[in-house]
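Morning, everyone. I'll take the sheet and the aromatic rings today. Please have the structure open as I talk.

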Amino acid sequence: MARVMRMGRVELKVLDLEKSVEYYTKVIGLEETGRSGDSVYLKAWDEFDHHSLIITKSDTAGIAHLAFKVETLDDLAYFEKKVEEFGCTTTRISKGARLAEGEAVHFILPTGHHCELYHEIDFLGTAVGTLNPHPWPLGKQGIAPHRLDHILLTGDDLKTVTRFFVEALNFRQSERITSIDAEELLGSFLFTTNSAHDIAFVKGPDAKLHHAGFHVDSLHDVFKAADILSMYEVPFDVTPTRHGITRGETIYFFDPSGNRNEAFAGGYKAYPDMPTITWTEDKIGQGIFYHRRELSESFMKALT
């Protein structure tokens, strides 16, 4: 069966490229792997592929595109057809259009976000290698997440974008937020791996980024991230806490352009046969911030 393996990359628009490179390398702890034009390519230490994050100089902050890696070239053609059957127009992006990337299939999600599917990308390997590897590399800098974990986007028509991911890309829905009468979908959490979510959407303006989440090992690493962020005087959105949705441990903060980042740990394992967990609108505060049990004003308004 054709398979979308995982979230592969996200391209973020940034206002000051060099300031952003310094932030994503020193504070987040990613490795710069290449440059091309106004774009810089980065990866986390535990990722095999050439990059998972592209930052590109722009007049506005936000998300330029997101992309998922499929298992084979045949899968790329299969999902291209499925996306078209759903009603989205696809275009092929040629190999080498961006640094280290093979051919990709581009389309626009029902929420207005630019999305791609790809199979080929240059392989660099992890910082610890594959022969008798240590659990983590010496000399890590900053928060040093293992990998890009997920993204949360906003959009108006969450029912259609959820149906797109389920019907066209074979994702499943792990959790949802509904109105009390269950008529309106206010949040949708979707997965293709065993993570509680690989991509999620909350009700809001189309084509906006809520956050890009990076995976760290444990709650201890979430607290260490908070210490590092304070050392660098990075602005917080939310200090360490737990999600009710996904059960993950979390901290939210902003890059120099105002794009929200997350250090995320834990969360349950998701399986294809699990029922969808439902949160109702009156409990959304507890669902998002389990301890505080209410949303901060900035959490739904600070979008890029």
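One term before we start: a residue is buried when its relative accessible area is under 20%. Also, keep in mind that this model is predicted.

Where do Phe107 and Phe164 lie? Phe107 is in strand 7, residues 104-108, and Phe164 is in helix 3, so the pair ties together parts 57 residues apart in sequence. Both also belong to a cluster linked by ring pairs, together with Phe68, Phe86, Phe165, Phe171 and Phe201.

Searching the whole structure gives 13 aromatic pairs. Take Phe48 and Phe123: centres 5.7 Å apart, planes at 20°, so this pair is stacked. Buried or exposed? Phe48, at 37% relative accessibility, counts as partly exposed. Phe123, at 59%, counts as exposed.

Arg9 has its charged end over the ring of Tyr118, 4.3 Å from the ring centre.

Nine strands make an open sheet with mixed pairing, in the order 14-15-16-13-9-12-11-10-17. Strands 14 and 17 are at the edges with a single partner strand each, so one side of each has no neighbour in the sheet. On average, neighbouring strands are turned by 20° against each other, direction ignored.

Helix 3, residues 158-167, packs on this sheet and touches strands 9, 10, 11 and 12. Helix 4, residues 219-231, packs on it as well, touching strands 14, 15 and 16.

Conventions: Residues are numbered from 1 along each chain as its sequence is written. This is a predicted model: local features need pLDDT of at least 70, side-chain atom pairs count only at pLDDT 80 or more; totals for chains, interfaces and linings use all residues. Side-chain values use heavy atoms; hydrogens and water are left out. Two strands pair if DSSP finds at least two bridges between them. Helices (H or I, at least four residues) and strands (E, at least two) are DSSP runs, numbered from the N terminus. Axes are lines fitted to C-alpha atoms, for helices over the stretch in contact, and angles run from 0 to 180 degrees between N-to-C directions. Contact means heavy atoms within 4.5 Å. Rings of Phe, Tyr and Trp (its six-membered ring) pair if their centres lie within 6.5 Å; planes under 30 degrees apart count as stacked, over 60 as edge-to-face and the rest as tilted. Buried means under 20% relative accessible area, exposed over 50%, partly exposed in between (1.4 Å probe, protein chains only). A charge sits over a ring if NZ of Lys or CZ of Arg is within 6 Å of the ring centre and within 35 degrees of the ring normal.
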